[in-house]
Amino acid sequence: MTTTTMTMAKALNEGLRRAMERDPKVLLMGEDIGKLGGVFRITDGLQKDFGQDRVVDTPLAESAIVGTAVGLSIRGYRPVCEMQFDGFVFPAFDQIVSQVAKLHKRSDGVYRMSMVIRLPFQGGIGAIEHHSESPEAYFAHTPGLRVVSPSTPHDAYWMIQQSIDSDDPIIFCEPKSRYWEKGEVDVASPSRDLYSAQVRRAGTDVTVVGYGSSVKTMLRAADAAALEGTSLEVIDLRSIAPIDFPVVTSSVEKTGRLIVVQDAPRTASISSEIVAEVTQRCFYSLRAPGLRVTGYHVPYPVARIEEEYRPTADRILDAVDQVMGFES
Amino acid sequence: MIDDELVQLLTPEGERVSHPDYTSTLTGDQILSMYRDMVIVRRLCNESTSLQRQGQLALWAPIQGQEGAQIGAGRALAPMDFTFPTYREHGISWCRGVPPEDVLRLFRAVSNGGWDPQKYRHHVPTIVLGNQVLNAVGYAMGVQRDGADEAVLTFFGDGASSQGDVLEAFVWASSFNVPVVFFCQNNQFGISTPATTQSKVPLYRRARGFGFPGVRVDGNDLLACYEVTRAALENARAGGGPTMIEAYTYRMGAHTTSDDPTRYRVDAEVEVWKHRDPIERIKALLVREYQTKPAVFDQVAQEAEAFARKLRDDVLAMGRPDPLSMFDHVYTDEHPLVQEGRREMSALLAAGVGHA
Amino acid sequence: MSREVFLLPDVGEGLIEAEVVTWKVRVGDVVTLNQPLVDVETAKAVVELPSPFAGTVVTLHAQAGDVVDVNQPLVTFDVDAEPAPHATPKHVVHDVPDEGRREPVLIGYGVATEDEIHARTARRTTSIGATGVSSAHDDRGAPGPVRTTPPVRLLAKQYGVDLRRVAGTGRDGLVTRDDVERARTARPVGSIADASRVATSPRMAGRELAAWDVGPREERIAVRGVLKAMAESMTLSVATQPQAAVWTRVDATRTTELIASLKAHPDWAGERLSPLTIVAMALCDAARRFPGLNSHFDAAAQEVVVRRYVNLGIAADTPRGLVVPNIKDADQLDLRQMARALGHLVATARAGTTPPADLAATTLTITNVGPFGVDGAMAILPPGTGAILCVGQVAPAPWVVDGAVVVRQVLELSMTFDHRQIDGAMASSVMAHLARYLGDPAPALLAR
């Protein structure tokens, strides 16, 4: 039997291990990833097995973690950088946007920025400031980068390996609130390629789209909606940039209704992009405008009230009601 | 301004001086060859300024006055070493074999790079200050892991020395004992910001604070620049870790052709540095020590003219790139948005909207 | 020899002009490439311009102290045509970047001038002007924009229906899909292309009528087909069947609640349930209780025929006019079967495919005026039947419950009956039964 139950954290650990076993050019770099095994233990045990040259405990400077990864990529290595938390990726933003995203183009295709930048993202772990951010839109907005996010342990296991294999730079967003949730992982084969969206639950009335930690919430909302007689089709984007629009548009052509869910604030976000694109592609199928269920336009709130900020199943159901009510 | 710790092997008048740690190892032929390098590079730089003034380049960043530092450092490189320049290392590009017209593709605004970096082992230009210094350290970490007999030479200016990236690079280079040489050309100015604003402490002394050697060299002294760089590179290749070299020099021209230095410095200061010209002192050395004939210098000047003419012709022939080329090399794989953009622009161009 | 003009180029930082300070050459001078020509002063600095050509100075286009605009002529040269000794093997094409199109800035060629953009939109406005500006309003004074959903717009477009002429029955005048369907079938087949230009009013007896302003002052319509059938039926009924009516208002809240809860139940997903379904069940139940209701006065035989089966007729407003198809043995159906039967009946009636057998032998009829927002009517008894029940709209209304005024879902029922065999007492009892049933339908439905 090739399926085994593991947490997402363990799945990532195993996926990294597989990648490092296969290719000696794969390196891990980050703060506290070696001896400590990472603050979320994602890299637990890897330095012991692969050594300090391949699992590097770096000094504390995110810009340097990414900047040196650029140089290592030029040299033919495949660095996997860990940003300890989403809110700490910003010192590296310059290197990411000015160099990582552009060097393939600037060198007319000679350089390959074959690197992965992992960051735990989204909220829901009751953390202090800067530890619950959703910066994916900044990177999705930058040509030259790709952005993905697994929502299950199975996807985490495979997508981290596929990302490492890719010759494009990938921002790998890990939904930290799901790190400890268990799921079935088929270690024999991935279910799909890195950039495909997946219909997690088929439905007929409303298409609900999201990624990362939102997916489970969307499924919970779908269960509740079914009891009320409304059938939701839940789509896990998996790839935030590029977005697998054909899967989304097929669904909206069937349901005529779209809701997009994300932790991130609404303005100029991934959800805005999806609504705009789907409106253009599915205009004549739409029975209602696309609605976005998102965080509010405020800095991520204190943990004690974060559950009011993050999209819940209830807020999704509220949006379902709105979207169902447009034709009456 | 110039203190006891400055390494100098040749005075501005072209007279040799000795230094306890460094000895000039160059032969007369080598010195003449490097003189030729400096003359050609200066001539090409001046031609580029003219081209910009004639509307043929978007802008130009001159290296006038810094030829000694760049040719000295550039000629100290071994073929397999990798260099990480800023946007002003035209002398290094020359030493690495990059065709001069390729250096100008950036300034002509037909490319953001200009040459194949792996072929010349010379990174594409970096405009964001200090980014390339971190990239260089990363590359050197790769060299380390490969166990290769190679060193990395990276450049930045006095202005960039304040950037976090540069200081983080020092941290990494020191902590991991990386085979990299940091070559800082202190040409005294950011754009208008004097070097003294960047640091209260002479820049080369920073290295010691980070745990590796720092050397200040007379940046207009080709011989000293060559020897100091050569030693540092050998040390790096041998596993001795990083060195910082501060080449103390002067930016005789403007920051770029859009800059007006008269607004922040006085002619008198420029005059002082004119007397420290790197090419003149080498010429004086060649005459005094090697009895180099005027005909030889004329020959070099003519060669430089020929290079300048060729550069002009090559630049004038650089046409507008195909707009559709903007969709090339954005990703290594196919990407739906890039494909969509290419289709859209193709359709617009075919319909006569925009300029093909 | 060729004539070349040196235009004042970019000298940096978004400048648009420069002042000539000192000429370093004179007309007639032979200059070499890059020889200093002139010092110009910009807003920022004095800049020396080197000659881009080797040749003879023909014209200096400005004097010292003159201000010259960027991209304006500065110097004209006569340039030697002979190839220079250093000529490179490849053919040299002089490409002056973006000449005339940009305003220079510090770190680039500069911003594209407005002219570029104007050129493009000028082309476009010219082409629009040729065909005339499209007007926002129909010049026959139609109302403003139509509120509807994208797929309904597409539907209307496909049908050739002018949305501006469709009455919207949705919330706030929203044009619904049904509205468009109705509007579509109100036009004769074959005139789709002219739909937006033909003025019509709602159909009468299956016939299209020209609108008030458009049609003839007096219009004569031949009595044929459905019109004839309806006229004859109504005349016969009134002439031969003395009929009276009773009516009552019903608190149908529990009926509406039951419908809502069933609709939400997975087992009932997709079933068409409405108050009409419950009313149909109630009427059949009333017939069981009061068989006399379900009777026919056979005048010829001088007998009253009491029937113990209900063929439930439903008055259907179709594009061809009023038809009354029936559900055979409706008293045998449970709620789900009734719902399906009603759905099927309505669909086939609208499509015009009701089999003739379904139009015969009705015993009781329901006519539903609720969708029109109307409460009741004294319907005319279909010949051969004992009663016709008219069902009004279900709407919130004040109601007294336990001495307090509350809002309930209230429905009005009105029943016309054949007063030859059915008396007021029976009719009223039937109404009371219906009211009780609709007031709390669950027990009765469960009993079946």
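Chain C and chain A bury about 840 Å² between them, and carbon and sulfur atoms give 57% of that; buried area here is the accessible area (1.4 Å probe) that two parts lose on being put together, summed over both. Like everything below, this comes from a predicted model, where local features need pLDDT of at least 70, side-chain atom pairs count only at pLDDT 80 or more, and totals for chains, interfaces and linings use all residues. Residues are numbered from 1 along each chain as its sequence is written, chains are lettered from A and ligands numbered from 1 in the order in which they are written, and side-chain values use heavy atoms, with hydrogens and water left out.

On the side of chain C that touches chain A, the residues split into 5 nonpolar, 1 polar and 1 charged. For these classes, Ala, Val, Leu, Ile, Met, Phe, Trp, Tyr, Cys and Pro count as nonpolar, Asp, Glu, Lys and Arg as charged, and the others, Gly among them, as polar. In terms of contact (heavy atoms within 4.5 Å), 7 residues from chain C meet 11 residues from chain A. There are 0 salt bridges between chain C and chain A, a salt bridge being a side-chain nitrogen of Lys or Arg within 4 Å of a carboxyl oxygen of Asp or Glu.

Chain C itself holds an open sheet of 4 strands, in the order E1-E8-E6-E3, with antiparallel pairing. Strand E1 (2-7) and strand E3 (30-31) of chain C sit at the edges, each pairing on one side only. Strands (E, at least two residues) and helices (H or I, at least four) are DSSP runs, numbered from the N terminus, and two strands pair if DSSP finds at least two bridges between them. Within the sheet, strand E6 (residues 55-60) and strand E8 (residues 73-79) of chain C run antiparallel to each other over 5 bridges. Gly55(C) is found opposite Val79(C) in E8(C).

Next comes the interface of chain B and chain A, where about 3500 Å² is buried, 55% of it on carbon and sulfur atoms. Here 44 residues from chain B are in contact with 46 residues from chain A. Of the elements on the chain B side, H6(B) gives the most, with 11 residues. By class, that side of chain B has 19 nonpolar, 14 polar and 11 charged residues. Arg281(A) and Glu340(B) bring their side chains together in a salt bridge (3.8 Å, N to O). Over all chains, the salt-bridge count comes to 56. Another salt bridge links Lys25(A) and Asp146(B), with the closest N and O atoms 3.5 Å apart. Lys25(A) lies in the loop between helix H1 (8-22) and strand E2 (26-30) of chain A, while Asp146(B) belongs to helix H6 of chain B, so this pair joins two chains.

Chain B is assigned domain 1 (28-321) and domain 2 (322-356), with bounds that come from an automatic or database domain assignment. The centres of these two domains of chain B, taken over C-alpha atoms, are 36 Å apart.

Chain A is divided too, into domain 1 (3-186) and domain 2 (198-324). In chain A, 26 Å separate the C-alpha centres of domain 1 and domain 2. Contact between the two takes 26 residues of domain 1 and 24 residues of domain 2 of chain A. Together these domains of chain A bury about 1900 Å², with 49% of it on carbon and sulfur atoms. Gln122(A), Ser151(A) and Arg178(A) lose the most area on the domain 1 side, together 24% of what that side buries. Between the two domains of chain A there are 3 salt bridges and 16 residue pairs in polar contact (both at pLDDT 80 or more). The side of domain 1 of chain A that touches domain 2 has 10 nonpolar, 10 polar and 6 charged residues. Arg238(A) and Asp155(A) form a salt bridge, their closest N and O atoms being 2.9 Å apart.

How values were computed:
Polar contact = N/O pair within 3.5 Å; in protein donor to acceptor, adjacent residues only side chain to side chain.
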